[in-house]
Amino acid sequence: MLRHAVIATLSLAFAVAIAKAEGPSDVAPTGMLRVAVAVGPAASAFWTTRDPSTGKPRGVTVELAKAAADKLHVPLQLVEYQSSDEIAAASSKDVWDLSFMPADVKREQFVDQGPAYVAYMSGYLIRAGSDIRSVADVDRAGMRVGCVEGTSTSRTVEKSLKQAKLTKFVKPEEAAELIGKGELDALAMGMGALEDLSRKLPGTKVLDEVIQSTDVVVVVPKGKAAAKVWAAHFLDEAKADGTVRRALDGNGFTGDKVAP
């Protein structure tokens with residue numbers, strides 16, 4: 001009986017919190033929904049790229065941002081960053097209200113993480129003409145490896161490499177340009193972005209082996225309790241009603257599975 005009473009109390013509290021966050025004031029206090037997105041040279045279920053005709057970010061997270069703003073009946077403002085860590089670090093500056101990023105313990109001091117919408121796996125893109133055939137081949141003396149600073153992938157690579165030289169790039173475009181020129185032997189990023197980048201850089205290849213696996217989750221700035229509840233409710237609905245599936249399919253990620 002006690003257990004049922006506790007569950008009922010928690011369910012009621014959850015419902016009340018959602019009710020309080022139904023209006024935009026708790027989630028978008030400025031009157032518009034400011035969604036932080038990471039912009040890079042290649043698209044994934046997390047990374048956005050620039051539309052060549054408009055110069056504005058486009059991608060899965062942009063579509064989810066539009067859906068969230070529509071749900072709140074407020075205008076959308078995209079706030080651009082170069083990595084998830086940059087987004088998290090700006091959370092205390094009151095410049096964004098909602099975002100999406102790979103789940104990461106380090107960022108929990110800055111953001112409150114909600115449910116996931118897709119799995120996120122990282123790997124290596126190998127330059128054209130390289131003899132690298134496996135992840136083990138990457139960590140050799142003389143190998144030049146790149147990653148994007150401020151990402152969970154960069155922290156994983158930094159811990160794992162013992163012999164290869166690792167360079168962290170603040171701007172993802174710089175890393176993409178260098179591996180395209182053959183000045184990097186391997187580039188570590190999310191698999192979706194690497195596959196997109198590989199199509200743009202003839203001769204490069206993505207290794208099959210996964211070096212990191214996590215989930216991409218919805219986040220709000222730390223301490224925004226009502227916004228966190230609303231964001232979780234929004235994403236759960238977006239998964240259930242097909243919004244997430246359409247965002248993935250519409251951006252070419254038909255093989256990515258929606259998180260349960």
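What follows is a chat about the cavity and the pockets of this predicted model.

Me: How many cavities of 30 Å³ or more does a search of the whole structure find?
Reply: Rolling a probe the size of a water molecule over the atoms shows where empty space is left. A cavity is a spot where such a probe fits but cannot get out. With the cut-off at 30 Å³, the search of the whole structure comes back with one.

Me: And how much space lies in the largest cavity?
Reply: Its lining is made of 13 residues, with Trp 47, Tyr 120, Thr 151, Ser 152 and Thr 153 the closest to the centre. As for the space in the largest cavity, that comes to about 100 Å³.

Me: Which class has seven residues in the lining of the largest cavity: nonpolar, polar or charged?
Reply: Start by setting aside the one charged residue. Polar residues account for five of the lining. The class with seven is nonpolar.

Me: On to the pockets. What volume does the largest pocket have?
Reply: A pocket, unlike a cavity, is an open set of points. For the largest pocket, the volume is about 270 Å³.

Me: Which element provides the largest share of the lining of the largest pocket?
Reply: This pocket is lined by 13 residues, and closest to its centre are Ala 119, Met 121, Met 191, Gly 192 and Asp 256. Strand E6 (111–126) and helix H7 (191–200) are the elements giving two or more residues. The largest share is four residues, and the element behind it is E6.

Me: What about the second largest pocket: which element gives the largest share of that lining?
Reply: The second largest pocket has a volume of about 220 Å³. Of its 15 lining residues, Ala 43, Thr 49, Arg 58, Asp 196 and Lys 200 sit closest to the centre. Two or more residues come from strand E2 (49–50) and from H7. The largest share, three residues, belongs to H7.

Me: Last one: how many charged residues are in the lining of the second largest pocket?
Reply: For background, the largest pocket has three charged residues in its lining, along with six nonpolar and four polar. In the second largest pocket, four lining residues are nonpolar and five are polar. The charged ones there number six.

Notes: Residues are numbered from 1 along each chain as its sequence is written. This is a predicted model: local features need pLDDT of at least 70, side-chain atom pairs count only at pLDDT 80 or more; totals for chains, interfaces and linings use all residues. Side-chain values use heavy atoms; hydrogens and water are left out. On a 1 Å grid over the protein atoms alone, a cavity is a set of points where a 1.4 Å probe fits but cannot get out, and a pocket is an open set with protein on both sides within 12 Å along at least five of seven lines; lining residues have an atom within 4 Å of a point. Grid points are joined across faces, edges and corners, and a volume is the space filled by probe spheres set on the points. Ala, Val, Leu, Ile, Met, Phe, Trp, Tyr, Cys and Pro count as nonpolar, Asp, Glu, Lys and Arg as charged, and the others, Gly among them, as polar.
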